[in-house]
Amino acid sequence: MFFSFGSFSSPLNPHHAVLLQLDPFLNELTSMFERSTTEHSVWVTLKRSSLKSKVQRNKMTAAGEAIDYRCLIRATDGKKTISASVGPKDHQRFQASYATILKAHMTALKKRGRKDKKKAAEGVVKKPDDQKKIKTPA
């Protein structure tokens with residue numbers, strides 16, 4: 001039997017988020033996107049975090065120490081959850097790699113149909129004319 005206390009979860013739990021280094025995280029994210037091409041979705045969340053508890057942050061603030069904030073990234077496909085923490089030094093490199101992965105795997109998106117500006121303007125003008133037409137009984 002499995003018991004959970006607070007934020008502790010068992011490593012045997014498949015939904016347990018593992019904090020990975022950046023390169024393994026990006027590799028696993030790529031494989032998640034590849035597995036999810038036909039039937040599943042991948043959710044990615046980004047959150048500002050200091051990786052410290054509220055009590056520790058309050059003590060650091062009271063002592064006048066600076067709190068080092070990082071970006072906590074979590075990804076899940078519903079079956080597996082992975083996470084990574086990105087510091088200010090690695091942020092540019094991570095963002096470039098992350099953008100490349102997203103561009104490569106956003107192939108299922110449909111292009112939005114855009115109207116020509118002239119046709120759209122004419123369509124707006126024609127609508128009131130169409131509404132003014134009244135059918136006369138024959």
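Modeller: Let's start with T81, which counts as buried because its relative accessibility is 15% (buried means under 20% relative accessible area, exposed over 50% and partly exposed in between, using a 1.4 Å probe and protein chains only). This is a predicted model, where local features need pLDDT of at least 70 and side-chain atom pairs count only at pLDDT 80 or more, while totals for chains, interfaces and linings use all residues. Residues are numbered from 1 along each chain as its sequence is written, and side-chain values use heavy atoms, with hydrogens and water left out.

T81 belongs to strand β4, which covers residues 81-86 (strands are DSSP runs of E with at least two residues, helices are runs of H or I with at least four, and both are numbered from the N terminus). The T81 side chain also makes a polar contact with the side chain of T76, at 3.2 Å (a pair of N or O atoms within 3.5 Å, where one must be able to donate a hydrogen and the other to accept it; residues adjacent in sequence count only if both atoms are side-chain atoms).

Now look at L19, in strand β1 (residues 18-20). L19 is exposed, as its relative accessible area is 52%. Beyond its neighbours within four places in sequence, L19 is in contact with L72, S83, A84 and S85 (contact means heavy atoms within 4.5 Å). L19 and A84 are 65 residues apart in sequence, yet their C-alpha atoms are 5.1 Å apart in space.

Next come two helices. The axes of α1 (residues 22-35) and α3 (residues 91-105) come within 10 Å and cross at roughly 10°, so α1 and α3 are roughly parallel to each other (under 35 degrees; over 145 is roughly antiparallel, 65 to 115 roughly perpendicular and the rest oblique). Among the residues that meet are L22, F25, L29 and F33 in α1, and F94, Y98, I101 and L102 in α3.

Finally, step back to the whole chain. It has 4 helices and 4 strands, and from the N terminus these elements run β-α-β-α-β-β-α-α. Of the 138 residues in the chain, 21% are buried. Among contacts with a separation of 6 or more, 63% come from residues 24 or more positions apart.

Key:
Axes fitted to C-alpha atoms, helices over the stretch in contact; angles between N-to-C directions.
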